[in-house]
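Welcome, and please open the model in your viewer.

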Amino acid sequence: MQDSSPPPLLPESVRRLAAWCAVALLVSGVGYVGILLCVQFRAAVIPVLLALLGTALLLPLHRRLVRAGVQRSLSAGLTCVAVVAVVGGAVYIVVSALIDSGDQIIASLRIAARDLTRHFGAAGTSLDDIAGNARELLSKFGGTAASGVLSGVSVVGQAIAMAVLALLLVFFFLRDSDRAADTLRGLVPPGSGETVMAMARRAFQAVEGFMRGTTFIALIDALCITVGLLVLKVPGAVGLGALVFVGAYIPYLGAFISGTVAVLVALADRGFVIALWVLGVVLAVQLLEGHVLQPMIQSRTVQMHPAVVMLAITAGASVAGIVGMLMAVPLTAAAVGVLSELRRRHTAPGEQAPPPVSP
């Protein structure tokens with residue numbers, strides 16, 4: 001019996017393209033709505049994401065304490081206290097070093113601006129003119145400036161509140177990490193529990209690998225730059241090294257900011273020649289990181305092309321500023337891990353998933 005059905009109106013290739021376009025539009029729409037919801041509820045979303053990053057970084061320490069016989073709540077509390085001590089100490093060292101060198105940096109910048117004005121400035125332009133214009137603008141827009149100060153205080157208060165909430169969430173995530181797998185499996189339909197668990201496991205492993213690799217690289221960078229600054233007798237070398245360590249969690253931009261601060265401090269206290277040596281040390285450490293440390297460490301934890309990293313950072317900055325830059329790369333790594341798991345299951349549907357483990 002011959003098939004009397006009419007031939008398809010479109011070729012098979014066009015229908016496949018249309019299907020992929022429909023999937024892409026659907027995924028893009030869902031992602032766009034998800035981003036809008038995250039921005040709308042950022043006061044709650046940002047602490048959760050920061051807590052997940054902190055949990056991924058601190059979970060190995062928490063597990064070591066639990067295996068040593070420490071009660072889970074006490075272990076989570078000790079881990080959080082250690083984090084507060086380390087982060088608070090680093091911030092204190094950085095701020096103290098910058099305050100001690102702040103006057104020297106401002107003096108060096110003032111001298112450089114005066115030299116540039118004398119050689120390249122327009123006729124009649126001087127620092128006194130700039131100061132007079134600044135006072136005039138301040139008198140005209142004093143109300144706006146006061147409003148900006150109040151807004152800045154509000155932003156600082158909100159940031160402190162989110163940091164405290166994130167720390168509390170880290171405590172609960174660490175304490176209840178052994179029940180996370182069962183909780184997640186209970187939230188999804190029974191038939192897709194193993195698939196969702198495998199995707200969550202891959203995503204968390206990617207974030208954990210990124211945080212672990214970034215921390216190790218940041219520690220090596222900070223030690224190398226601190227040693228170089230101590231050899232060159234730059235003041236505040238320990239604080240600048242701590243700044244390098246903290247800035248390493250923001251790829252590219254963090255290294256640029258911390259390196260610039262180190263060069264400015266050297267220029268203010270030790271002169272132009274030492275500042276050039278400091279610049280050479282910073283560039284050498286960045287070359288060591290880019291050509292040795294990154295391939296050796298991050299390639300074993302998270303495999304992402306530098307172009308993908310830069311695009312992720314740009315997108316994160318456009319959505320959530322500095323916080324978006326901080327979380328863009330680990331979230332992208334998690335998404336890459338989920339896609340890898342889906343591709344593996346799609347290409348090998350008969351392969352059994354690995355037994356679930358607690359993330």
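Axes here are lines fitted to C-alpha atoms, for helices over the stretch in contact, and angles run from 0 to 180 degrees between N-to-C directions. Helices (H or I, at least four residues) are DSSP runs numbered from the N terminus. This is a predicted model, where local features need pLDDT of at least 70, side-chain atom pairs count only at pLDDT 80 or more, and totals for chains, interfaces and linings use all residues. Residues are numbered from 1 along each chain as its sequence is written, and side-chain values use heavy atoms, with hydrogens and water left out.

**First stop: α7 and α8**

Select residues 237-247, which form helix α8, together with α7; their axes lie 8 Å apart at an angle of about 155°. The two helices are therefore roughly antiparallel (an angle over 145 degrees). Now show the side chains in contact, meaning heavy atoms within 4.5 Å. On α7 you will find, among others, Leu219, Ala222 and Ile225, and they belong to a contact with α8 residues including Leu240, Val244 and Phe245. This contact has 11 nonpolar, 3 polar and 1 charged residues.

**Second stop: α6 and α7**

Next, select residues 180-187 for helix α6 and residues 193-231 for helix α7. Their axes come within 9 Å and cross at roughly 135°. Which residues of α6 meet α7? Look for Ala181, Leu184 and Arg185, which meet Glu194, Val196, Met197 and Ala200 in α7.

Methods: Angles under 35 degrees count as roughly parallel, over 145 as roughly antiparallel, 65 to 115 as roughly perpendicular and the rest as oblique. Ala, Val, Leu, Ile, Met, Phe, Trp, Tyr, Cys and Pro count as nonpolar, Asp, Glu, Lys and Arg as charged, and the others, Gly among them, as polar.
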